[in-house]
Amino acid sequence: MIPLAEAQAAALELAGARPVVEVGIDEALGAVLAAPVVVADPLPPFDNTGMDGFAVRSVDTQAASRATPVTLSIVATIAAGHDPNDVVVTAGTAARIMTGAPIPKGADAIAIVEDVIVDGSEVHLTAPIAAGTHVRRRGSDAAAGERVLAEGTPVTPAVRGLLASLGVRKVFVHRRPRVAVFSTGDELTDLDPLPPGKIHDSNRPALLALVAEAGGIPSDLGAIPDDPALLGRAFDEAAASADLILTSGGVSVGDFDYTKQVLAERGTMRWMQVAIKPAKPLAIGRMGQTPVIGLPGNPVSSIVSFELFARPLIRKMLGARTWHRPVLTARALEPITRHPDGKLHLVRARAHVRSGELVVEPYRLQGSHVLSGLAGANVLALVPDGDGVAAGEPVRVLVIGELDGPAGVSIVDALEA
Ligand SMILES: Nc1nc2c(c(=O)[nH]1)N[C@H]1C(S)=C(S)[C@@H](COP(=O)(O)OP(=O)(O)OC[C@H]3O[C@@H](n4cnc5c(N)ncnc54)[C@H](O)[C@@H]3O)O[C@H]1N2
Ligand code: MOO
């Protein structure tokens with residue numbers, strides 16, 4: 001058996017970041033920037049008000065107090081979206097103004113509507129307003145020439161919004177990898193009801209979804225029976241069309257595992273037994289230039305293997321800076337039992353935050369065919385070789401799903417606790 005770190009390193013060596021392409025921002029979501037974004041035009045594009053109120057000259061307001069209010073005459077009303085080119089706030093005047101509207105010439109501060117007394121065409125101020133109050137300066141979000149987004153930044157919904165606000169319509173990103181996925185095995189069928197001895201293909205739908213979630217472009221090549229000719233054709237098609245091939249099944253030692261035979265003929269593969277449970281068998285290599293990861297067939301094993309070997313490679317191919325899922329420390333609420341076997345155990349478990357602390361509960365059923373345990377898991381507890389973890393002890397957890405807060409506790413409850 002080889003250590004997990006060695007197998008992960010071998011998987012990551014299969015490929016680097018994909019070539020750079022220029023795409024419209026609508027297509028860039030999920031991709032990673034391959035070049036920094038430099039601001040052409042400042043954001044905001046003009047000085048504008050952050051509040052509804054009155055645009056004033058701060059010097060006019062300096063003497064204002066409750067006892068001696070300053071009265072200004074209202075010379076204009078400026079709405080957001082309007083160009084106040086013809087408005088000038090001169091001594092003794094003010095312009096009514098709405099949030100987001102350009103600051104008119106002459107004015108340098110905003111008196112908010114709540115703090116003034118409006119009386120027909122006049123406004124009374126009872127306190128001085130400092131220059132710059134509630135003025136959002138041109139370029140204060142992003143100045144011209146500034147590198148507002150670094151290379152390696154994933155294009156998230158907020159990044160897309162920022163690019164749109166800057167008027168950027170195209171960006172350089174790494175091409176997202178096209179990942180061909182197929183299952184192998186005579187037992188897999190689409191038929192309903194299930195004929196005797198047959199099962200539904202669960203690995204392929206799960207893996208296609210995991211590819212998409214990781215940022216790859218999934219390509220479904222179906223379920224291939226245990227037939228060397230059909231398997232050969234599937235590999236040829238995948239190698240011609242994809243940047244990465246993911247298969248599941250046929251990497252262990254069964255009699256009808258033709259995947260091994262077909263891959264050995266067409267590619268250069270390394271067959272591994274990784275010192276982990278589940279997901280011990282693994283095949284890593286290439287067909288021509290195309291990287292191949294052969295995941296184990298057991299449903300839990302295929303997903304765990306994807307998380308450990310395929311997901312980091314897809315992230316690397318995307319040009320992402322971080323490839324691995326985070327590992328946190330949690331406290332075991334129950335014992336996590338195991339026996340020494342030379343392997344790291346990845347225990348399907350659910351972690352949540354309780355009184356500000358991350359706690360974790362393992363699922364009872366840990367068989368590598370038991371998908372129901374993985375379906376509810378948001379972490380894999382990393383239990384090193386030995387006798388397990390006692391209740392109350394810390395254990396490292398690999399975060400593979402969303403961490404929940406305690407049931408029914410809102411942010412407000414948490415802040416008050
Ligand atoms: N004598 C040994 N037998 C096995 C060993 C071993 O070391 N010695 N390793 C076991 C481990 S661990 C695993 S994991 C599996 C891996 O086997 P394969 O990758 O060759 O996968 P298959 O034999 O094709 O299938 C295993 C299992 O998974 C089911 N399966 C396969 N594909 C799918 C799919 N797409 N959807 C749902 N279920 C699938 C298949 O029916 C089998 O039950 O080998 C152990 N055996
Ligand atoms: O590694 Mo297998 O993945 O234990 O079932």
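1. Two strands pair if DSSP finds at least two bridges between them. Strands (E, at least two residues) and helices (H or I, at least four) are DSSP runs, numbered from the N terminus. By that rule S13 and S16 pair in the parallel sense, over six bridges. Ser183 stands opposite Ala223 in S16.

2. A word on the source. This is a predicted model: local features need pLDDT of at least 70, side-chain atom pairs count only at pLDDT 80 or more, and totals for chains, interfaces and linings use all residues. Residues are numbered from 1 along each chain as its sequence is written, and chains are lettered from A and ligands numbered from 1 in the order in which they are written.

3. The sheet is open and has six strands, with mixed pairing. Its order is S16-S13-S17-S21-S20-S18. S16 (217-224) and S18 (268-273) stand at the edges with a single partner strand each, so one side of each is left without a neighbour in the sheet.

4. Which strands pair with S17? Strand S13 (residues 178-184) does, in the parallel sense over five bridges. Strand S21 (residues 290-295) also pairs with S17 in the parallel sense, over four bridges. Leu244 is the bridge partner of Val179, and Ile245 stands opposite Val292.

5. Is S17 (residues 244-248) buried or exposed? Five of its five residues are buried (20 or more other C-beta atoms within 10 Å of their own, C-beta atoms being placed from the backbone). Leu244, Leu246 and Ser248 cover one side, Ile245 and Thr247 the other. In a regular strand the side chains alternate between the two faces of the sheet.

6. Ligand 1 has 25 residues around it (C-beta atom, placed from the backbone, within 6 Å). Ser183, Asn203, Gly249, Ser252 and Gly297 come nearest. Helices H5 (203-214) and H8 (299-318) each supply at least two residues of the shell.

7. Ligand 2 is surrounded by Lys277, Pro278, Ala279, Lys280, Pro296, Asn298, Ser301 and Ser368.

8. H8 also packs against helix H1 (residues 4-12). Their axes (lines fitted to C-alpha atoms over the stretch in contact, with angles from 0 to 180 degrees between N-to-C directions) come within 9 Å and cross at roughly 40 degrees. Leu4, Ala7, Gln8, Ala11 and Leu12 in H1 meet Leu308, Phe309, Pro312, Leu313 and Lys316 in H8, contact being C-beta atoms, placed from the backbone, within 7 Å.

Note on methods: A residue is buried if 20 or more other C-beta atoms lie within 10 Å of its own, exposed if 12 or fewer, and partly exposed in between; C-beta atoms are placed from the backbone. Two residues are in contact if their C-beta atoms, placed from the backbone, lie within 7 Å.
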